[in-house]
Amino acid sequence: MIVNDTLLLLFKQLNNKTMIKSVFTTACICLTLTSAIAQKKYEKIMYKDVSVEGDGMTILAKDAVSNKAGTKFKLKIINKTDDAILYKPEESTLKINSKEVKPKEKWMQVAPVESESKVINFEATDYIVPGYSYEVNGLYKVSVLDKPVAAEDFQLPPAQNEFKAGNFTCAMSDLKKETDKTNVKFECRYTGDKIGVINSKKATIKLPDGTEIANSKGNRPAVLLMKGGSERISLSWNRMDGGKETDMQKIKLMIVWHSTFVEADPVKVKPVTLDFAIDEATSK
């Protein structure tokens, strides 16, 4: 063997018996330490936080832990783009102990320039290892302004509660039309084969004189819907200057949808890999 040949060569070059003894002692100590590290058993392994840059996003994993119940970590996606991000965990892969395992978590969506987190959990009994990798696949970008769907203005109070906009069907579920405030809620369903986007902050209310007022709940991020998915949206407008001419209980109001409804084709993003390494200081 190579190791034996090397030691034999070393012995031939050493004439001093003390030096030979020292070499043997050092070698034995090294072998002992290596064996001890390899055989150390952990009941719980903590991993160092890890992050990687993707296509317009930062992906982080923190609070990763492995024990007899399995392994889990919190995955955070920071979206730096003007598109929404859709993450399908079942397309990702955990590579551990020469195995490849798929997660079973629900889909996650991240609004433009926002961040979201999800716990990724794997139940098993053989995941107590000093390191593993997680390939983050199943990331998609969805343009929230890709293909706006035309929707007719909606009168308040309405002649009928339901309306259609392309592959979106919406029904008014609640209306409070008072002097100083108007609140209206809709239940919307998407039946198309792409990704349906509802961006309620795009909706305005139009007064009889043609003035349009922004939705006061316009800070809500866009929502992504798969085929058959539904979402409740809430619109609100507060009292406006103008006295009787802007008394919302008495005047006719029209909701103008603009680009509230969008259909988009998801664009898959190149996968990235998170490499987890043991945090020996906190592992037990």
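Author: Here is a tour, from the whole chain down to single residues.

Author: This is a predicted model, where local features need pLDDT of at least 70 and side-chain atom pairs count only at pLDDT 80 or more, while totals for chains, interfaces and linings use all residues. Residues are numbered from 1 along each chain as its sequence is written, and side-chain values use heavy atoms, with hydrogens and water left out.

Reader: OK, how many helices and strands does the chain have?

Author: The chain has 2 helices and 25 strands. Those are DSSP runs numbered from the N terminus, with helices being H or I of at least four residues and strands E of at least two.

Reader: And what share of the residues is buried?

Author: Of the 284 residues, 39% count as buried. Buried means under 20% relative accessible area, exposed means over 50%, and partly exposed is in between, using a 1.4 Å probe and protein chains only. The accessible surface comes to about 16,400 Å², and 51% of that belongs to carbon and sulfur atoms. Those areas come from the Shrake-Rupley method with a 1.4 Å probe, and for residues only the protein chains shown count as cover.

Reader: Let's talk sheets. What is the strand order in the open sheet of 4 strands?

Author: The order is S7-S6-S10-S25, with antiparallel pairing. Two strands pair if DSSP finds at least two bridges between them.

Reader: Which strands stand at the edges?

Author: S7 (99–101) and S25 (272–277) do; each has a single partner strand, so one side of each has no neighbour in the sheet. The twist averages 20 degrees from one strand to the next, with axes being lines fitted to C-alpha atoms, for helices over the stretch in contact, and angles running from 0 to 180 degrees between N-to-C directions.

Reader: How many bridges join S10 to S25?

Author: There are 6 bridges between S10 (residues 131–136) and S25, and the two run antiparallel. Within that pairing, Tyr134 has Leu274 as its bridge partner.

Reader: Is Tyr134 buried or exposed?

Author: Tyr134 is buried, at 0% relative accessibility.

Reader: How many aromatic pairs are there?

Author: The count comes to 15 aromatic pairs. The rule is that rings of Phe, Tyr and Trp (its six-membered ring) pair if their centres lie within 6.5 Å; planes under 30 degrees apart are stacked, over 60 edge-to-face, and the rest tilted. One of them is Phe122 with Tyr134, edge-to-face at 6.4 Å centre to centre and 70 degrees between the planes. Phe122 sits in S9 and Tyr134 in S10, so this pair ties together parts that are 12 residues apart in sequence. Phe122 is buried too, at 3% relative accessibility.

Reader: What about Phe163 and Phe186, how far apart are the ring centres?

Author: The centres of Phe163 and Phe186 are 5.9 Å apart with planes at 85 degrees, so that pair is edge-to-face. Phe163 is in S14 and Phe186 in S16, so the link spans parts 23 residues apart in sequence. Both Phe163 and Phe186 are buried. Ring pairs also link these two into a cluster with Phe154, Phe168, Tyr190, Trp257 and Phe261.

Reader: Switching topic: where is the cis peptide bond?

Author: The cis bond joins Leu156 and Pro157, with omega about -5 degrees. Pro157 is in the loop between S13 (154–156) and S14 (162–165). Ile251 is 94 residues from Pro157 in sequence, yet their C-alphas are 9.8 Å apart. Ile251 counts as buried, at 13% relative accessibility.

Reader: Which phi does Asn97 have, positive or negative?

Author: Asn97 has a positive phi of about 50 degrees, although it is not a glycine. Asn97 lies in the loop between S6 (93–96) and S7 and is partly exposed at 40% relative accessible area. Val113 also has a positive phi, about 55 degrees, and counts as exposed at 53% relative accessibility.

Reader: Last one: what does the side chain of Asn183 make a polar contact with?

Author: The partner is the side chain of Ser236, at 2.6 Å. A polar contact is a pair of N or O atoms within 3.5 Å; within protein, one must be able to donate a hydrogen and the other to accept it, and residues adjacent in sequence count only if both atoms are side-chain atoms.
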